[in-house]
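This report concerns the nonpolar cores and helix packing of one model. The structure is shown below.

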Amino acid sequence: GAPQQQPQQQQQQQWANVNAAVMGCGAAPAAPAASSFGAPAAAGAGSGLPSGLTVAGCDHATIGVIVRGDFVLHSQNHNKPVYKKTVQVDGLDVMLYFWDERDGANFCGWWFGPKVGGDQVWCYHPDKASPYPPASGWKILYNGPVDQTLSVTPRWGNAPAASAGPAVPNLNQTRMQQQQALLEQQRKAELLKRQQQLTMAQDLQKKRLEEQAKQTATLNIRRVIQKIRNSTAETLELVISELEVVKAKDLEACGNQKAVILAECDKAVQQGRMKIELEKKQKLELAQKQLQMQQQLEERKKQMEDNKKKIEENKLKLAEDLKRQKQEAIEKRAEEVKKAREAALKKIEDDKLAKVAAEERKLKEQQTAIALRKVAQKVRMAKPEEFEEAKAELDEAMAKDFENCGGQKELIKTEIDKIVEQASARYETIKLQRQAQIEKKEAAMKLCNELEGLVEAAESAVVKLKESAAFFEDGSELSVADVEEITQVIQEGVLECGVRTQACNDFYLKHKRDMKDPT
């Protein structure tokens with residue numbers, strides 16, 4: 001499945017990036033040319049070189065596993081020693097060797113890789129002078145950062161180099177020269193292939209640019225053609241002149257579209273001029289119609305002025321009649337109003353005395369009622385911890401002032417009883433709500449803790465799955481049996497992750513409402 005292939009794809013992309021960086025600088029250290037690799041190395045004190053090395057540290061999770069360990073003197077390359085790890089890693093040898101400046105100064109230095117001069121490398125050190133691998137300052141990959149933890153410690157002694165594995169046979173000089181010539185031919189063939197690819201890419205780019213220029217020229221001319229189609233009588237000739245300028249500039253770049261574009265230009269100019277002539281004819285006809293309409297309007301205007309004059313005369317006569325009738329009605333109404341006013345003044349004076357007494361009594365009742373309502377309002381707005389104190393204050397005010405409410409006694413009593421009843425109910429409701437919130441919060445915390453346990457179990461399954469998939473990340477070659485066994489473990493891990501993740505989702509969907517904070 002895709003989850004199993006992803007670590008391999010990431011590892012392959014990582015090596016591709018390394019090789020691309022190396023190739024971009026000139027050439028990666030390829031198979032040795034004019035190299036002394038293969039000649040057995042003399043181990044022990046007589047050679048003046050360490051008989052072995054111990055590599056420690058390295059923060060990189062994958063490369064550290066590969067390079068850490070013991071190395072023994074194996075052979076020499078480019079007049080410096082080659083060391084080989086005493087054990088293979090995933091079926092690969094781990095070699096530590098020197099490469100000189102034959103492929104460029106950027107590739108000169110000490111390398112860790114599965115073979116001497118190979119394209120695949122794990123660590124690099126640019127030191128050219130050291131007779132054996134430097135102790136520190138190693139870069140991870142070719143152009144990566146320096147790993148301060150990686151260290152190479154020499155071992156001195158007489159341990160034979162053959163302890164690291166079978167000795168490399170001593171090839172005769174003629175065979176070495178044949179191999180070197182074959183490698184040189186391969187490098188030249190590769191260089192010729194890259195030059196041919198570059199030439200093809202340049203030709204393709206040239207064709208693409210020519211096509212872009214053709215499209216741009218065609219588009220420029222057609223834009224002006226569109227302007228001709230949208231032009232007016234005042235702008236047509238100016239746009240036609242612009243078309244001639246653009247044709248002179250871009251027509252040759254149209255290539256096999258030149259004839260089509262010319263036909264479009266001629267057609268657009270012809271249609272534009274026909275359009276302008278038609279517009280002129282339509283404007284003339286419109287002007288004639290407007291003149292006729294103007295004459296008709298003048299006649300109607302004169303007729304309307306005669307009608308308006310007659311209406312004004314009738315309106316003036318009607319206004320005089322209305323003015324006379326209105327004056328008569330005003331005089332009659334004034335007499336009636338005078339009599340009614342005298343009667344009303346007498347009644348007002350009588351009612352005023354009675355009203356003053358009633359208002360004074362009503363004002364006192366209202367003031368008392370307002371005072372009681374204020375105290376009742378305190379009960380309504382009181383917090384649970386202030387309710388009893390506010391209730392006692394209301395009882396005291398009722399005992400003192402209730403009888404002074406007069407006609408509002410029943411209304412005041414009903415209002416205050418209702419306020420006290422509602423406040424008491426609210427007080428009890430708040431107490432129950434607070435207790436319910438506490439219980440809901442405790443239940444929600446319990447559910448969250450259960451969900452956290454499920455999530456931790458799912459994350460643990462994911463970690464195990466990543467550990468199983470890590471076998472594919474180092475890019476090493478695996479046997480079919482190893483791949484099948486690791487694939488089975490990963491599939492079981494994927495199934496377990498799915499089951500545990502589904503358990504988290506089911507639990508959340510079932511309890512998500514109960515897990516919300518009630519506050």
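Is the crossing of H7 and H8 left-handed or right-handed? The crossing of H7 and H8 is left-handed, a term for a near helix turned anticlockwise from the far one by less than a right angle.

## Basis of the values

This is a predicted model, in which local features need pLDDT of at least 70 and side-chain atom pairs count only at pLDDT 80 or more, while totals for chains, interfaces and linings use all residues. Residues are numbered from 1 along each chain as its sequence is written, and side-chain values use heavy atoms, with hydrogens and water left out.

## Helix packing

Helix H7 (residues 409-469) packs with helix H8 (residues 480-511) at an angle of about 165 degrees, their axes being 9 Å apart. Axes are lines fitted to C-alpha atoms, for helices over the stretch in contact, and angles run from 0 to 180 degrees between N-to-C directions. H7 and H8 are therefore roughly antiparallel (an angle over 145 degrees). Their contact has 19 nonpolar, 4 polar and 3 charged residues.

Between helix H6 (residues 387-401) and H7 the angle is about 170 degrees, with the axes 12 Å apart. H6 is thus roughly antiparallel to H7. In this contact (heavy atoms within 4.5 Å), Phe387, Lys391, Leu394 and Met398 of H6 meet Ile416, Val420, Ala423, Ser424 and Tyr427 of H7.

## Nonpolar core

The largest nonpolar core has 24 residues, of which Val67, Phe112, Cys123 and Leu150 touch the most other members. Such a core is a set of buried (under 20% relative accessible area, 1.4 Å probe, protein chains only) Ala, Val, Leu, Ile, Met, Phe, Trp, Tyr and Cys residues joined through side-chain atoms within 4.5 Å.

Note on methods:
Buried < 20%, exposed > 50% of the residue type's maximum accessible area, 1.4 Å probe, protein only. Helix = DSSP H or I, 4+ residues; strand = E, 2+ residues; numbered from the N terminus. Parallel < 35°, antiparallel > 145°, perpendicular 65-115°, else oblique. Nonpolar A, V, L, I, M, F, W, Y, C, P; charged D, E, K, R; others polar.
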